[in-house]
Amino acid sequence: MALQGPIPVTFDMVFPHGCYIVGEVEPVKDFDASTNGRFVQTRDKQSGELVWQVSVMDADPTLKAAQKTVSVKILSPTQPVPPVPMAGLPFTPVEFDHMTATPYVNQAGRLAYSIKVREMRAPRPAGKATAGAKDAA
């Protein structure tokens with residue numbers, strides 16, 4: 001099969017209704033390398049970059065409550081900084097560039113996807129092409 005590894009996707013493919021940050025950007029723990037009292041951050045197996053994660057809420061109105069919050073992994077040598085919150089909104093809108101999706105079977109035996117990105121930023125005005133869209137084309 002020619003398709004192996006992470007699958008390039010665009011932000012609009014994954015979050016067509018947008019998404020909002022609902023957690024802090026945190027380092028992902030490498031459970032195999034960490035020991036009692038010694039935290040070791042995970043590195044991406046393919047790129048070697050440090051892995052961070054942030055919880056986001058998918059704005060798709062058709063999703064059930066349990067499906068709305070997902071964790072997005074960010075590959076970056078330094079801790080990514082979320083966009084500045086927007087006045088009047090309870091959550092901060094966010095977009096991601098250079099996205100990939102890796103399918104896997106979760107503990108419940110269902111198909112799930114691990115979402116990895118390279119950049120996190122404030123949403124662009126509607127109609128502007130994103131770097132992720134150019135990359136996936």
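Trainee: In which sense do E2 and E6 pair, and over how many bridges?
Mentor: E2 and E6 pair in the antiparallel sense, over three bridges. Within that pairing, Tyr20 has Pro93 in E6 as its bridge partner. Keep in mind that this is a predicted model.
Trainee: Which other strand pairs with E6?
Mentor: Strand E9, residues 119–121, pairs with E6, again in the antiparallel sense over three bridges. Phe96 is the residue that stands opposite Met120 in E9.
Trainee: How many of the residues of E6 are buried?
Mentor: Six of its six residues are buried, so by the under 20% cut-off the strand is mostly covered. Thr92, Val94 and Phe96 point one way, while Pro93, Glu95 and Asp97 point the other way, and all are buried. In a regular strand, side chains alternate between the two faces of the sheet.
Trainee: OK, how confident is the prediction, going by the mean pLDDT?
Mentor: The chain has a mean pLDDT of 90, with 91% of its residues at 70 or more. Residues 130–137 are where pLDDT stays under 50, and for that stretch the model has 15 contacts beyond four places in sequence.
Trainee: Back inside, then. Which residues have the most contacts in the largest nonpolar core?
Mentor: Phe15, Val54, Val56, Val72, Phe96 and Met99 have the most contacts inside that core, which has 19 residues. Strands E2, E4, E5, E6, E7 and E8 are the elements that give two or more residues to it. The largest share, three residues, comes from E4.
Trainee: What does Val72 touch, leaving aside its neighbours within four places in sequence?
Mentor: Val72 is in contact with Phe15, Trp52, Gln53, Val54, Val56, Phe96, Ile115 and Val117. Ile115 is also the bridge partner of Val72 in E8.
Trainee: How do E5 and E8 run, parallel or antiparallel?
Mentor: E5 and E8 run parallel, joined by three bridges. E4 and E5, on the other hand, run antiparallel with seven bridges between them, and there Ser55 has Ser71 in E5 as its bridge partner.
Trainee: And what is the sense of the E7 and E8 pairing?
Mentor: That pairing is antiparallel, over six bridges. Ala101 has Ile115 as its bridge partner in E8. The hairpin of E7 and E8 has five residues between the strands, and Gly109 there takes a positive phi near 80°.
Trainee: Switching to pockets: how much space lies in the largest pocket?
Mentor: About 730 Å³. It is lined by 23 residues, and Gln67, Val70, Ala112, Tyr113 and Ile115 are the closest to its centre. Helices H1 and H2 and strands E5, E7 and E8 each give two or more residues to the lining.
Trainee: Which element gives the largest share of that lining?
Mentor: E8 does, with five residues.
Trainee: One last spot. Where is Asp60?
Mentor: Asp60 is in the loop between E4 and helix H2.
Trainee: Why does Asp60 count as buried?
Mentor: Because its relative accessibility is 15%, and buried means under 20%. Not counting residues up to four places away in sequence, Asp60 touches His17 and Lys68.

Key:
Residues numbered from 1 in each chain as written. Heavy atoms only, no water. pLDDT = per-residue confidence, 0-100. Contact = heavy atoms within 4.5 Å. Core = buried A, V, L, I, M, F, W, Y, C linked by side-chain atoms within 4.5 Å. Buried < 20%, exposed > 50% of the residue type's maximum accessible area, 1.4 Å probe, protein only. Helix = DSSP H or I, 4+ residues; strand = E, 2+ residues; numbered from the N terminus. Pairing = 2+ DSSP bridges. 1 Å grid on protein atoms, 1.4 Å probe; cavity = no way out; pocket = protein on both sides within 12 Å on 5 of 7 lines; lining within 4 Å. Points joined across faces, edges and corners; volume = space filled by probe spheres on them.
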